[in-house]
Amino acid sequence: MSKSSGQGMYNSELPRFLIGSEGGESRELGDTDMRKISGDYGEEEEEEDEDQSERQIVVGICSMMKKSKSKPMTEILERLCKFEYITVVIFPEEVILNEPVEKWPLCDCLISFHSKGFALDKAVSYAKLRNPLLINDLDMQYFIQDRREVYRILQEEGIDLPRYAVLNRDPDRPEECNLVESEDHVEVNGEVFHKPFVEKPVSAEDHNVYIYYPTSAGGGSQRLFRKIGSRSSVYSPESTVRKTGSYIYEEFMPTDGTDVKVYTVGPDYAHAEARKSPALDGKVERDSEGKEIRYPVMLTAMEKLVARKVCLAFKQTVCGFDLLRANGHSFVCDVNGFSFVKNSMKYYDDCAKVLGNMVMRELAPQLHIPWSIPMEAEDIPIVPTTSGTMMELRCVIAVIRHGDRTPKQKMKMEVRNALFFELFEKYGGYKSGKLKLKKPKQLQEVLDIARQLLAELVLHNDCEIEEKKSKLEQLKTVLEMYGHFSGINRKVQLTYLPNGQPKASSEEEDALKEGPSLLLVLKWGGELTPAGRVQAEELGRAFRCMYPGGQGDYAGFPGCGLLRLHSTYRHDLKIYASDEGRVQMTAAAFAKGLLALEGELTPILVQMVKSANMNGLLDSDSDSLTDCQQRVKARLHEIMQKNKDFSEEDYSKLAPTGSPSLVNSMGVIFNPVSTCDRVHTLIKSLTWQICKRLEDPKSADLQLYHSETLELMLQRWSKLERDFRMKNGRYDISKIPDIYDCVKYDTQHNSSLGLEDTLELFRLSRALADIIIPQEYGITKAEKLDIASAYCLPLVKKIQLDLQRTHEDEAVNKLHPLYSRGVMSPGRHVRTRLYFTSESHVHSLLNIFRYGGLLDELKDDQWKQAMDYLSAVTELNYMTQIVIMLYEDNNKDPSSEERFHVELHFSPGVKGCKDEENAPMGFGFRPASSENHEMQTDPGSLEDLSQDEPDRAALTEPISIQRKSPLIRGRKAGSMEALSESNTSSRGLAYRIFPSTSRQSPEIKPSGLGAQCAGLFSASFPNLRDLARVPRKKPCSLRNRSSQTGFEGCSLVPSIYPLETLHNSLSLKQVDEFLTTLCKNGSETQFKRLKSLSAMFESHSQPSIDVDNQETPMSTPVQNQPAPQSLWYTSSPPSTVSSSGPSSPSLPDPSSNFRFNSE
């Protein structure tokens, strides 16, 4: 055998490794040049070749055959055999299981590990008998099979792991079996775990791990199991923990839907991969070859230290473990022992190299084999370079209103029954005089009381209770809706009244009575509808197109670019939502569409959506708004109570900004009181029609949209009829938004009832609402800014921090450069911050941009056009979006103002009824500008998207157009238009492509696919259905198809207006100075709130808020940490094989200035 060049490490011949057999011979495991052994196992036959007489180091592989012959093991052993002095012997499974250890093959080094059915006891005996060098310690493998021992060892080593408690159901140790289960938490041996929490069997061989969700998110549990086909978990409505067996209960860690699996080969090498968390939707993402999709990621300095500690603590050279990255820290949640990476040639090379060097270093001197540690040059790092003028997308910030919801409703009733007082006392109502009941158990108790009182009424016909019968029935009906309590769509508030109800209202006609009472307020409705879920999910799908490669295919889904970014940790994504159920569910549905998830929204909500309900980030702080808003509302009330046509003075008072949408609405109304009279008459007509329907036996069991009944529909309209017109004959204009809310809902979802005059009621109430709603946020510019600042100053500050942090050098999760061929900047990431909120924050934020002085309309034509467009928008409907995009031009000097470029975009949300004719005309998404015409691009600097092309049939088939849509603009250079919702078939994709010279996002090629995917970056935003589903069939002609607004298969779901660019040439400095000035001009009250928010950002104890500016410097550089002495691992110099992490000297040393970015 000839010696190889290069320090004698590799032999140029083909690999050789063999399988021992009982008869004293070895059979070949390859078809060329395998060495044979006979006689006693491990004793070599004399060979004619002189080189073969040299002593060989025999590496024995002792494991179950399924593992020994697996592809990763075969790939690594083939490479290991290329070491000139190493021979591999695989122990046959039948020998391991059936033969005594004395008859097992001999070896100098043993790679042995436990799996199902393996005789670990015999392997331990063999190691004691033959004393080979152990790659993985065998005794420690007993501990790895018990999660309790794993956690104990991790804790002793000072490795971070989730807070946990062990429940041992052992008759001999009753003190370790104290479990108290409540609705939303469990108490294990005195340790309380609030839902969501994780329940793991103590046996590591049992993969049935359950995650329990809180009732506020929908309840139920996610049941994880070992992968079966394409599933790794399933959602279950069961919310109670298991009552047999021993378990570990631990805190659930919010990882944004991704797990990291780390594979060590000795303490100095770790390879890490990201995969979609099995708890997210249970769908295993597989590639074209059926393999689970995983992406190599870079480990931080601290994580490399953790990998080293795990490897040494468990004495497993080859070791896999799971990392959870949450709240800026990394937690180990599982140690698997011997584990190989699948489908990574680089890992196979590295692993064989590390193991071979390790074996040779330990055994070559003992066996007098000439060998020295190979000194290799470090791998040359890939240095990304950019050329051309393409800009790189760095940050996407979107503030989005929730989706379509049911009308919000409220009912008040005074109660005096002892049962209500007992309930009030039971839940501590007397402490504050108020009580809020939201939990299913609590609502069930209220329902039981209502049922009991109604039953007594039937038996006794008590006159005192009779007066409340209708309200008790309404209470019972509302609480019985949907057949279950989900915890996010109904609530009951009880307020103690020491002297009873102070005065009667239009709702409460009861005579005043002496003595204390409780005011019961029932709130329901306002929940996200199925249509709202579809809107949010489709918008999430459409958003993918804003990211690199967003038009390709990923495991059968369009938008591979974003998904690839997210899986590889190049996408720094955080989703926030206010405290309201409809907002949180909108955020979860959006995330489902954005990341191509499947299944229920509850697991997505718990893992992906962060609640931001503190300090007014996304929720209203009504206390600080009362002063200015009350003055504004009083003036509105005064103007709208005049029983005469609007005068010029009224126009100047009500619409001082001259907004066309306001002026047009005032023109529709003429006389506010007479219009209110007409609206009231129409509501009475509506309630009369519903009453008639109720009397009709055919309508008795009629089900309306979203499980509503005719009785409930009548109740909400009757209540509006009573409340709108007060006893003094004047109108309560604060009810106008509720009236518009209800008629919009019924026009959209219950039009099949065929009720007369609903469109007239819709037209008039909309005109009134188009005045009342926007003007409640201020009438003059100064008031609008004052109220807007009070609402969303914390959000503005947060947006400023998001933009600032993007261009700083952060220690964030990044894709390893070796795996990022073609990416412009592999070390870079895209930061996405999505804020889901209600109408108030969207109005306020838009007012800040409109009236805060960002740009001068007189000096900037594009801003003037944008302001004209916004003035023509009548309503900020469901799914309204304000989007800020930050780009970086790598060719500009880092200190130059031109380096970072900000764009501002807006969409007024879903289309309303009869909107087509009057839709305001914008100027498209990222329209061309003269400055872009001279820009030259270098396709070589772009990410290679050649594999991401959609079905070309969809883009080449001619499509007949039935009629012109108002959303299609005139053709202009640099634009590509998508046909509007009304002009596309339910399955077709319709594009009209024009020559493109506009500024494109840098990730998009200027030709081919780039031109096709410019749908989002063009004169009009493509309809969401088209973006969400790349069609697999050729689109059919639309000539004979009826035009219908709505998403595919959901005729009741209105489509969403395209994004319109408000400005696309702002500098980051310009925006930052604007936001800074705005924050400085805030009132003292607002600054107090801002300070509390800043304190929250800096605090490490607030996991649910983005943490900016967090640094955790290490006191000792990682590289200087001494390795613990170990019986199983040598203290000789470590292998020089470079880690799969960033170990190249050209990269910044992470240990010297280490910090976690916990945003």
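1. Q689 touches L755 and E756, where residues up to four places away in sequence are not counted and contact means heavy atoms within 4.5 Å. A polar atom of the Q689 side chain lies 2.8 Å from the backbone nitrogen of E756.

2. The model is a predicted one, in which local features need pLDDT of at least 70, side-chain atom pairs count only at pLDDT 80 or more, and totals for chains, interfaces and linings use all residues. Residues are numbered from 1 along each chain as its sequence is written, and side-chain values use heavy atoms, with hydrogens and water left out.

3. Q689 belongs to helix 21 (residues 672–695); helices are DSSP runs of H or I with at least four residues, numbered from the N terminus. Is Q689 buried or exposed? Its relative accessible area is 11%, so Q689 is buried (under 20%, with exposed being over 50% and partly exposed in between; 1.4 Å probe, protein chains only).

4. M302 is located in helix 7 (residues 301–313). This residue counts as partly exposed because its relative accessibility is 26%. M302 and H329 are 27 residues apart in sequence, and their C-alpha atoms are 9.3 Å apart in space.

5. Helix 9 (residues 418–426) packs with helix 11 (residues 440–460) at an angle of about 170 degrees, the axes being 10 Å apart. Helix 9 is therefore roughly antiparallel to helix 11 (an angle over 145 degrees). Helix 9 contributes L419, F420, L423 and K426 to the contact, and helix 11 contributes E445, V446, I449, Q452 and L453.

Methods:
Helix = DSSP H or I, 4+ residues; strand = E, 2+ residues; numbered from the N terminus. Polar contact = N/O pair within 3.5 Å; in protein donor to acceptor, adjacent residues only side chain to side chain. Axes fitted to C-alpha atoms, helices over the stretch in contact; angles between N-to-C directions. Parallel < 35°, antiparallel > 145°, perpendicular 65-115°, else oblique.
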